[in-house]
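Please keep the sequence and the structure open while reading.

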Amino acid sequence: MTDDKKSVPSVSVSYARNGSSTKANALGMRPMQERAYERRGEQYLLIKSPPASGKSRALMFIALDKLINQGLKQAIIVVPEKSIGASFHDEPLTKYGFWADWTVAPKWNLCDAPGSDNGGKVNSLGAFLDSDDKVLVCTHATFRFAVDKFGVEKFDGRLIAVDEFHHVSADPDSKLGQHLGSFIARDKVHVVAMTGSYFRGDAVPVLAPQDEAKFDPVTYTYYEQLNGYEYLKQLDIGYFFYSGSYADDILSVLDPNEKTIIHIPSVNSRESTKDKIREVEHIIEALGEWQGIDPATGFQLVKRPGGKVLRIADLVDDDPAKRDKVSAALKDPAQKNNRDHVDIIIALGMAKEGFDWIWCEHALTVGYRSSLTEIVQIIGRATRDAPGKIRARFTNLIAEPDASEEAVTEAVNDTLKAIAASLLMEQVLAPRFNFTPKNPQSGPVEGFDYGEGGYDPSKGNVGFNEQTGQFHIEIKGLAEPKSKEAARICTEDLNEVIAAFVQDKTTIERGLFDEELIPEELTQVRMGKIIKDKYPELDEEDQEAVRQHAIAALNITQKAKEIALTGDGARDEQPSANTALIDGVRRFAMDVRELDIDLIDRINPFGEAYAILAKTMNEDSLKQVRAAIAAKRTSLTPEDAKELAVRASRFKKERSRLPSIDAQDPWERRMAEGAVAFMRFKKEGRYDG
């Protein structure tokens, strides 16, 4: 197999490796921890930061300040599973410059205690609340049962810190989500919530909007984290299609020389053969000749054709004795820095969140994953920094849709969802965008490098701040948010908006496969509708400002990716540090002479994704998918007609005439059609009120 076949990146991002994210200040804090600590006085704090950026220690600093300087009685640290409790064992923080050490009395780290979550541990938590001790660590489950037993009032005056916060849910069936809502309504506790993958775009939101508005967010981006590493400089994300059984095709994307975690598909999924044990055996057979089991670790030993023996950890086998032995060997602290301890880990539900194997270079996931949060967690396994590790990648191996299957519709849906997840991850990994309108008063922003020749007042400029990983981009005609909430969405939540947009089935189907598509039908109509539904409390002007900022972020990233994948950087063996995406954004802005919002709206956000799809998917399958989607194409809905009529009304305000049905411009014609259809639907009584 050629290396090309082994990695079909939909995006490859290069980073500078400037070492900053691992350097500590005088108090022993890394940049993310310092940023969070600056907000330690907030009652409700939400820390959004990638895996391995040091959230546990950030919490220790904040909790100690709240206990010693802010008068809180106790701190309760709540983690999703027992193994993560180890992150909160004693730390001699004074050794690194802080003014206090972190200590948890052994009896109060309930994650280390034997027994079930509901029982003795709940009583222990009750005893802690009545004691003078300061810190307790327990699982989400123990905490839920304790709140049920003792009531929210019992926790007054305390800090509740929820690790892996995305486990909380606003779903009425989620006990932890309900409890959190009660604590916020009572307003007598402090809450620190931490997560590395916070997507309200997943099926159920984490918090009710009115509760979330009370949290002060601290965001540390993937870009800042990876840019500040010492070793890792390149991250590739891509998808690869297979036909037949995935185990037959796995060596097309699996390089046995890379440290890899393989997540096989859930037994309920389309990709599964329904025999997970046989699937693992099949992968092992494809890799080489089985040599037996290492008696000390339980790892499978497999000899490659060249003679090298691979050490493979099987976490799929349900036999508790076998799996516990393998799991314990993977967690052995003595082997943490031993690169040769294990080569490949095969898992199903394990080795995701909180699983720390710094040497992992390739996260290979078979089958579509429905949750963006889960994808972020899996990618996080490969993005640890480690000596000698310069490149990491995430590959999603997806079954190619086959028109002869009854499940062709399901297969197409899975393909589209995998592409949507990939598009969103590109936004998550890219630098942050700050957009401003270009006008005569515009000027450079301090700290931003505007490239050769510096800031030019006569045109739109693109500045980059390498330290913070942020762009400043001027766009002609850009609407600015007026309200505080709209401004917050434009700085903090654009990825949430983009997540909703790229996951919208109609949007992605048309964006990829409708040859007659007018891009504005997606960028203006569909995105406009999604924002109205998502933020009904915003007025029309603010909704439009959010729409423009979100589509600018998505489309500029896509155009930059197109340049990065087809330009000079793609031909280098090692892309020069930190340039591919940044140069792509700069070059796109320069190529079009002046960025304006109308031009951005005329770009199909899925154009580059389709180009990659066409390269990776079998041509016949691609035709079949196109046909399956074309067959579903529907005429204009009353909802879309209404949105087009709104756009037609804006057009009239700007140009003092209505859009013409005979116009040369296809978007103007579409607005005119929409306005006519809107009048017809209105006459027919198709709208309420």
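## Overall make-up

In the protein chain, 74% of the contacts with a separation of 6 or more are between residues 24 or more positions apart. The model is a predicted one. The protein chain contains 24 helices and 18 strands. Of its 689 residues, 55% are buried.

## Helices α23 and α24

Helix α23 covers residues 638–655 and helix α24 covers residues 666–683; their axes are 7 Å apart, and the two pack at an angle of about 120°. Angles of 65 to 115 degrees count as roughly perpendicular, and α23 and α24 are therefore oblique to each other. The crossing of α23 past α24 is left-handed.

On the α23 side, the contact is formed by Pro638, Ala641, Lys642, Leu644, Ala645, Arg647, Ala648 and Phe651. The α24 side contributes Trp667, Glu668, Arg670, Met671, Gly674, Ala675, Ala677, Phe678 and Phe681. Sorted by class, the contact of α23 with α24 has twelve nonpolar residues, one polar residue and four charged residues.

## Helices α17 and α23

Helix α23 also meets helix α17, which spans residues 519–534. The axes of α17 and α23 come within 10 Å and cross at roughly 105°, which makes α17 roughly perpendicular to α23.

From α17, the residues involved are Gln524, Val525, Arg526, Gly528, Lys529 and Lys532. They meet Glu639, Asp640, Glu643, Leu644 and Arg647 of α23. By class, the contact of α17 with α23 has seven charged, two polar and two nonpolar residues. Leu644 and Arg647 of α23 are listed in this contact and also in the contact with α24.

## The buried face of α21

Which residues of helix α21 are buried? In this helix, residues 607–616, they are Glu608, Ala609, Ile612, Leu613 and Thr616. Viewed down the axis of α21, these buried residues fall within an arc of 145°, so they line one face of the helix.

## Aspartate 542

Aspartate 542 is part of helix α18, which runs over residues 540–566. Is aspartate 542 buried or exposed? Its relative accessible area is 2%, and buried means under 20%, so aspartate 542 is buried.

Leaving aside residues up to four places away in sequence, aspartate 542 touches Pro481, Lys482, Ser483 and Ala486. Lysine 484 is 58 residues from aspartate 542 in sequence, and the C-alpha to C-alpha distance between the two is 9.9 Å.

## Two residues with positive phi

Glutamate 164 is a residue other than glycine with a positive phi, near 50°. Glutamate 164 sits in the loop between β5 (159–162) and α6 (175–186). With a relative accessibility of 9%, glutamate 164 counts as buried.

Serine 656 is not a glycine either, yet has a positive phi of about 60°. Where is serine 656 found? Serine 656 lies in the loop between α23 and α24, the two helices that pack at an angle of about 120°. The relative accessibility of serine 656 is 65%; the cut-off for exposed is over 50%, so serine 656 counts as exposed.

Methods: Residues numbered from 1 in each chain as written. Predicted model: local features only at pLDDT ≥ 70, side-chain atom pairs only at ≥ 80, totals over all residues. Heavy atoms only, no water. Axes fitted to C-alpha atoms, helices over the stretch in contact; angles between N-to-C directions. Helix = DSSP H or I, 4+ residues; strand = E, 2+ residues; numbered from the N terminus. Parallel < 35°, antiparallel > 145°, perpendicular 65-115°, else oblique. Left-handed = near helix turned anticlockwise from the far one by under 90°. Contact = heavy atoms within 4.5 Å. Nonpolar A, V, L, I, M, F, W, Y, C, P; charged D, E, K, R; others polar. Buried < 20%, exposed > 50% of the residue type's maximum accessible area, 1.4 Å probe, protein only. Arc of directions from axis to C-beta.
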